[in-house]
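Dear colleague,

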Amino acid sequence: MTRNTVHSMLPPANHDEQSRESFVLSLKTHVSKNITPGNKVEMENVVVPKFRRENNRDPWSLKELRRAMNRNPYHQMWGSLMRTGQELMWISVVECVDRQIDAMTVAFNKKKKKLGGVKTSPNMKLPGYITAVDIHTMPGNYQTEAYPGDMRQGAIYDRGVHLYHHGSRATDDNGRLLVAFMNGEYPDHTINRVLEEGCSTGNSTTAFCDLYPDAEVHAIDLGAPMVRYAHARADAMGREIFFTQGNAEETDYPDNYFDLVVSTNMLHETSSKALPRIMRETMRILRPGGVMAHMEVPVRYADMELYDQVMRGWQTRNNGEPFWDKVCSTDTVEAVKAAGFERARDGYITRTLDPVNDPRRITNVASSDNMHRYILTGVKPA
Ligand SMILES: C[S@@+](CC[C@H](N)C(=O)[O-])C[C@H]1O[C@@H](n2cnc3c(N)ncnc32)[C@H](O)[C@@H]1O
């Protein structure tokens, strides 16, 4: 089975589109490899010395250092390139998707036998944190629909992820890493039914099918175009997954339904008000003894140097991630405990290529290295 980003539901790029995508990728790689590190040099040699001269002390909060960095021309130039790269990415991706997605949707809908299923709720009230802003500056965000049955936003997101993964690397790494975590921390946990919350296009969800082959796999997302596309994508990849448009704060699943509830990169896109609600709802739908595990970008401000906080927090203001700062400085373990979970804890895990034979355990050693992921977990009392 393919783990690749290439599958028959991904709108293929023609020569010119590929060329534009290659340019965007080169620009983004150049900025992150060669220009991003200069921010630290600039902070140490220019920004902090200037702050010291003006205030007779070092900056001591994220706010102070951010304000000082924002006045620095190198940091401004870097920010402008970052933003430009992101906008160019969506421009190149959208053109490719719009050329083909409607015909692909019609063809998929005509298909008689499909694996798994999808359920949407046209009258569902979407929370403000999803409608207020285009996250990652993706035009239309996760939820916009031009017509009933539209899959466009899912295809745009998938083509964007494809570009991010350099067009070839597997995109189910986060799902596989979550399974590695489960194998390390809860090796004897029986999993017959699993739910992924905030699945987007289901690129992590397929890993749960592969690594829990006997389990029934479900996935929800707020965006109707996401789950429609995710269903078509999973079918194209030969995976049986049951997708539902739903809010992790309040789902339609019965009490005690799942053995495992997971998410990857969802929590930092929800509001701090939603967080405790998601924890309580997860507690309700897990069976006694069931496990919850949320995997996140490794961003816990309490564990990070001020410089890293500024660089990561840049996303909040400039890349459509308005909830990032707040969730990354919230006491998430407290929220897990408050919902009634036992063994509530968080920490970091390192990447593995083999989730079955190379299980991962949580460490509390923080690293801003991208090879690490943050995990938040708890067990419903038996
Ligand atoms: C960054 S994407 C994560 C995609 C995928 N899990 C991955 O790791 O590639 C976050 C997704 O979470 C969804 N989301 C945010 N809050 C949610 C909620 N309360 N309930 C369900 N989905 C939610 C968004 O619609 C979005 O598709």
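**Helix packing around α4**

The crossing of α2 and α4 is left-handed. Please bear in mind throughout that this is a predicted model. The axes of helix α2 (residues 38–55) and helix α4 (residues 73–110) come within 9 Å of each other, and they cross at roughly 160 degrees. That angle makes α2 roughly antiparallel to α4, because angles over 145 degrees are counted in that way. On the α2 side the contact is made by Gly-38, Asn-39 and Glu-42, and on the α4 side by Tyr-74, His-75 and Trp-78. Sorted by class, the residues of this contact are 2 nonpolar, 3 polar and 1 charged.

Helix α1 (residues 15–35) also packs against α4: their axes come within 9 Å and cross at roughly 160 degrees. The two helices are therefore roughly antiparallel to each other, and α1 passes α4 in a left-handed crossing. From α1, the residues in this contact are Glu-17, Arg-20, Glu-21, Val-24, Leu-27, Lys-28, Val-31 and Ile-35. They meet a set of α4 residues that includes Trp-78, Leu-81, Met-82, Gly-85 and Leu-88. The contact of α1 with α4 has 10 nonpolar, 2 polar and 5 charged residues.

How do α4 and α6 cross, left-handed or right-handed? Here α4 passes α6 in a right-handed crossing. The axes of α4 and helix α6 (residues 152–164) come within 9 Å, with a crossing angle of roughly 130 degrees. That makes α4 oblique to α6. Among the contact residues of α4 are Met-89, Trp-90, Val-93 and Val-94, while α6 contributes residues including Arg-152, Ala-155, Ile-156 and Arg-159. This contact divides into 10 nonpolar, 1 polar and 2 charged residues.

**The sheet and the helices on it**

The model contains an open sheet of 8 strands with mixed pairing, in the order β1-β4-β3-β2-β5-β6-β8-β7. Which strands stand at the edges? They are β1 (117–119) and β7 (342–350); each has a single partner strand, so one side of each is left without a neighbour in the sheet. From one strand to the next, the twist averages 15 degrees.

Within this sheet, strand β3 (residues 216–221) and strand β4 (residues 242–245) run parallel and are joined by 4 bridges. Ala-219 stands opposite Phe-243 in β4.

Helix α7 (residues 173–185) packs on the sheet, where it touches β5 (258–264), β6 (286–296), β7 and β8 (372–379). The direction of α7 makes about 130 degrees with that of β6. Helix α9 (residues 224–236) lies across β1, β3 and β4, and α9 runs at about 170 degrees to β4.

**The surroundings of the ligand**

Which residues come nearest to the ligand? Of the 23 residues around the ligand, these are Tyr-142, Gly-198, Ser-200, Ala-248 and Thr-264. By class, the shell around the ligand is made up of 9 nonpolar, 10 polar and 4 charged residues.

Yours sincerely,

A colleague

Key. Residues are numbered from 1 along each chain as its sequence is written. This is a predicted model: local features need pLDDT of at least 70, side-chain atom pairs count only at pLDDT 80 or more; totals for chains, interfaces and linings use all residues. Axes are lines fitted to C-alpha atoms, for helices over the stretch in contact, and angles run from 0 to 180 degrees between N-to-C directions. Angles under 35 degrees count as roughly parallel, over 145 as roughly antiparallel, 65 to 115 as roughly perpendicular and the rest as oblique. A crossing is left-handed if the near helix is turned anticlockwise from the far one by less than a right angle, and right-handed if clockwise. Two residues are in contact if their C-beta atoms, placed from the backbone, lie within 7 Å. Ala, Val, Leu, Ile, Met, Phe, Trp, Tyr, Cys and Pro count as nonpolar, Asp, Glu, Lys and Arg as charged, and the others, Gly among them, as polar. Two strands pair if DSSP finds at least two bridges between them. A residue is near a molecule or strand if its C-beta atom, placed from the backbone, lies within 6 Å of it.
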